[in-house]
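Dear colleague,

I am passing on a structure for you to look through. Please open it first and then read the notes that follow.

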Amino acid sequence: MPRIPPAARKGLLTLHLVTSLGWLGTDLVLLTLGIAVQRGGDPALLYPVGALVGTVLFAPLSILVWLVGVASALLTPWGLLRYRWVLVKLVLTTVMVGLVLFLLTPNLRHAGALGAALPARDRADLVIAPAVSTSLMIIATVLSTYKPWGRQRAARPATVSNARRSTSTAP
């Protein structure tokens, strides 16, 4: 896999941090808007704002974070599958991007269109989803900071003696 020079690697890391922080910040805005409605805020005002934030910022940032993260993994010594913490972050981010694009963003648009007519059970989802997402982003940040679990074990190549045994016992 090609490696990039240190200056480019720092630039890629900076881009990853900026987009990730933007994603986290946008998620916290959505959580705040959802809580504000639960505490008596005007859903006719707050839900359209949430729909705009989700559509214009949250969804594009989620894709950008994923793309920059994959590029960072592939173009730096960390690799995409070399370390367990990178793999866990990839899985977490992929799941979150899918949930943002296919569940949360449509729900935000729906809430923005209905405003105060949105049923109470759907209102709770607009608090729970950003709360879970924020928690997962914090977990991803902890993984990046502490880098637990070390390297993945490399697959053992078949030895000549193992290959001979398997062919000699064949019928």
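Contact here means heavy atoms within 4.5 Å. This is a predicted model, in which local features need pLDDT of at least 70 and side-chain atom pairs count only at pLDDT 80 or more, while totals for chains, interfaces and linings use all residues. Residues are numbered from 1 along each chain as its sequence is written, and side-chain values use heavy atoms, with hydrogens and water left out.

Leaving aside residues up to four places away in sequence, Met 96 touches Trp 23, Ser 133, Leu 136 and Met 137. Met 96 is found in helix H3, where helices are DSSP runs of H or I with at least four residues, numbered from the N terminus. Because its relative accessible area is 3%, Met 96 is buried (buried means under 20%, exposed over 50%, and partly exposed in between, with a 1.4 Å probe and protein chains only).

Phe 102 also lies in H3, which covers residues 84-114, but Phe 102 counts as exposed because its relative accessibility is 65%.

The axes of H2 (residues 43-75) and H4 (residues 120-146) come within 12 Å and cross at roughly 35°, the axes being lines fitted to C-alpha atoms over the stretch in contact, with angles from 0 to 180 degrees between N-to-C directions.

Lys 147 is found in the loop between H4 and H5 (160-168), and its phi is near 45°, a positive value in a residue other than glycine.

How values were computed: Helices (H or I, at least four residues) and strands (E, at least two) are DSSP runs, numbered from the N terminus.
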